[in-house]
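Dear colleague,

I am passing on the structure we spoke about, and it is shown just below.

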Amino acid sequence: MSHPKNMEQFINEYEKVRPEDVIRITKPVDAKFEITAIAKHFEEQNKFPLIVFEQVLNAKGEISPHPVVINMLGDRHKLAYAIGSNYSEVALDWSRKVEQSEPQKPVVVQHGEAASQEVVLKGNDIDLLSLPIVHHHEMDPGPYITAGMFTCHDPETWSANMAFHRGFISGPREIRAYLSPGSHNFWNLKTHENLDKEMKVAFWIGHHPAHIMGAHCHMSYPKDHYTPSGTLAGQPLRLVPSQTLGDDFLVPADAEFVIEGIMRPGDRALEGPFGEYPRYYGPQQKSPVMEVTAVTHRKNAMWYSFMVGINNNYSSVRVERDMYAAIKKAVPQVERVAMPVSGCGMFHCYVQLKKTHDGQPKQAIMAALVASEWVKHVIVVDEDIDIYDDRWVLWAVATRSQWDKDIFVVPDSFGAHLDPSAGRNAMSARGGIDATRPAPPERYPLRLDVPTEVKSRIQLKDFIDEEKLAKVPTINKH
C-alpha cells in the first residue's frame with residue numbers, strides 16, 4: 001500500500017498548492033474563546049483559511065505541545081482538493097466515488113505499526129484538560145470536542161458506526177457526549193441499554209479529510225463505515241486494535257488522537273448549553289457519560305477542531321452528497337443539489353432540474369423531504385439557475401413561482417432537533433417551492449442577455465486599470 005494518508009500530509013500538500021489559504025499563527029493563543037474569535041473575524045470577511053495555531057493555552061493556562069488546526073474542512077475548495085475533484089463537482093464526486101468505485105476494505109496492523117498509538121496514556125496519566133481543546137462560545141460550559149468521529153458498534157452485527165458528535169470535557173477522564181436521538185449511534189446506545197450492557201466507544205480526532213469524509217457518509221443501518229472511508233480516499237483505511245476496549249474494537253491507525261472509553265447503561269449528566277450549527281445555543285440537557293479508559297496519539301499530534309456555528313461548507317457538501325443520491329433515484333432529471341450556508345447547510349435545499357414534465361419539481365421536493373429530516377425548505381429551479389448563489393435562486397422564486405399553485409407545506413413532520421423554531425419533539429412544518437418554468441413545449445419569456453460572443457470578447461481589464469478595478473466596492477457589505 002502507498003504511504004498512508006494522514007492529516008499532516010494533507011496540510012503540507014495543500015499548503016504547497018495554495019499557500020495563500022494556509023495560515024500558521026505562532027503567537028500564543030488561548031483555546032478559550034480566542035481561537036473562535038479569530039475564526040469569526042475571518043468569517044466576517046467571508047474567508048475560511050486553514051489555520052494552524054502553533055502555541056495554544058489549554059484549560060490549565062499552559063502552552064500545549066500540540067498545535068490546533070481549524071477550517072481543514074472549511075470550504076468546497078479544500079474538500080475538492082482532498083478527493084481530487086473541483087468546486088462544483090465535489091458533492092457529486094463524493095457520491096460517485098463511494099457508490100461506484102471498487103470497495104477498499106480496511107486493513108488491520110499491529111500496535112507497533114500504528115502512528116495513533118505512538119503515545120499511550122491510561123489511568124491517572126490521562127488528563128483531557130491538558131489538551132488544547134477549544135472552548136468555543138461564551139455560554140458553553142467548557143471545552144468541547146467538535147471534530148471527533150464518535151465510533152461504536154451495533155452489538156448484533158458489530159458493524160462500526162461513526163459520526164461527528166459533540167463532547168463536553170467535564171473532567172480529566174470524563175466526556176459528556178450529545179448523541180442526537182435520530183442518529184445511529186444513539187440507536188446503538190439504546191440497544192446496549194436494553195441489553196443492560198455497557199457500550200464501548202471511541203472518539204478519533206484528526207485524519208486526512210478524504211478518510212473523514214468517507215467515514216462520515218450516511219449509510220443504511222447497521223452498515224460499517226470503515227470501508228467507504230478507504231474507498232473515498234483511494235486506499236484502505238489502516239486500523240489497529242484498541243488499547244483498552246478489546247482486539248475486536250478497531251480504531252484508525254493514522255489518526256492524530258484516539259480517546260477510548262465506555263458508556264454505562266442509563267448514566268446521564270448535564271451537558272450544554274452549546275453553540276450549535278444553527279448559530280443558536282442548544283439547550284442544557286442530560287447526555288450520556290463516557291468514562292475515558294485511554295488516550296493515544298502521535299508523538300507530534302495536532303488537535304483538530306471544527307468551528308461549529310460558523311458558516312462553512314463541510315456540512316453542506318456532505319448533505320448534498322446524500323440528497324443528490326436520494327433525489328436522483330426519484331427524478332433522474334436532477335442536475336445538481338446545493339445546501340447553502342444561508343440554511344446552516346441543513347435547512348435549505350436547492351435542486352437544479354432539467355425539467356421535462358411539470359410534475360417533476362414536486363416529486364423532487366417530496367424525495368428531498370423524505371431523504372433528510374434536517375431539510376426544511378426545498379426550492380426547485382431550472383438548469384439555467386446557479387444554485388450556489390442565493391441571489392439567483394431567489395430570483396427564480398420571484399419570477400417563476402406563484403403562491404397559490406407552486407408551494408406546498410407538510411405540517412407536523414419530524415424535523416431537526418436543534419432548529420429553535422421547531423416545536424416539541426422537533427415537530428416541524430416542512431415544504432417546497434416549485435420555481436421552474438413550464439415544461440417544454442410550453443413557452444416562457446426569455447432571459448435577457450447580450451450575445452455570448454460579445455460578452456466573452458469584452459473584458460473589464462481591457463477598458464479599466466486593474467488596480468482601480470480591484471478597488472471598486474462590492475455591494476451588500478457593511
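Which residue in strand 23 does Arg336 stand opposite? Before the answer, please keep in mind that this is a predicted model, and that what follows is computed from it. The residue opposite Arg336 is Gln352 in strand 23, and a second pair of this kind is formed by Val334, which stands opposite Leu353 in strand 23. Strand 22 and strand 23, the latter spanning residues 348-353, are paired in the antiparallel sense over 4 bridges.

These strands belong to an open sheet of 5 strands with mixed pairing, whose order is 22-23-24-26-25. Strand 22 (334-338) and strand 25 (407-414) are at the edges and have a single partner strand each, so one side of each is left without a neighbour in the sheet. From one strand to the next, the twist averages 20°.

On its pairing with strand 24, strand 23 runs in the parallel sense, over 6 bridges, and here Leu353 has Asp382 of strand 24 as its bridge partner.

Helix 8 (residues 314-330) lies across strand 22 and strand 23 and runs at about 150° to strand 22, while helix 9 (residues 360-371) lies across strand 23, strand 24 (377-382), strand 25 and strand 26 (427-434), running at about 155° to strand 26.

How many of the residues of strand 23 are buried? The count is 6 of its 6 residues. In a regular strand, side chains alternate between the two faces of the sheet. For strand 23 both faces are covered, with His348, Tyr350 and Gln352 buried on one side and Cys349, Val351 and Leu353 buried on the other.

Finally, the cysteines: the structure holds 0 disulfides. For Cys344, the closest cysteine sulfur is that of Cys349, 14 Å from its own, which is too far for a bond. The sulfur of Cys152 has its closest cysteine sulfur in Cys217, at 17 Å, again too far for a bond, and Cys152 counts as buried, with 0% relative accessibility.

With best regards

Notes: Residues are numbered from 1 along each chain as its sequence is written. This is a predicted model: local features need pLDDT of at least 70, side-chain atom pairs count only at pLDDT 80 or more; totals for chains, interfaces and linings use all residues. Side-chain values use heavy atoms; hydrogens and water are left out. Two strands pair if DSSP finds at least two bridges between them. Helices (H or I, at least four residues) and strands (E, at least two) are DSSP runs, numbered from the N terminus. Axes are lines fitted to C-alpha atoms, for helices over the stretch in contact, and angles run from 0 to 180 degrees between N-to-C directions. Contact means heavy atoms within 4.5 Å. Buried means under 20% relative accessible area, exposed over 50%, partly exposed in between (1.4 Å probe, protein chains only). A disulfide is a pair of cysteine sulfur atoms within 2.5 Å.
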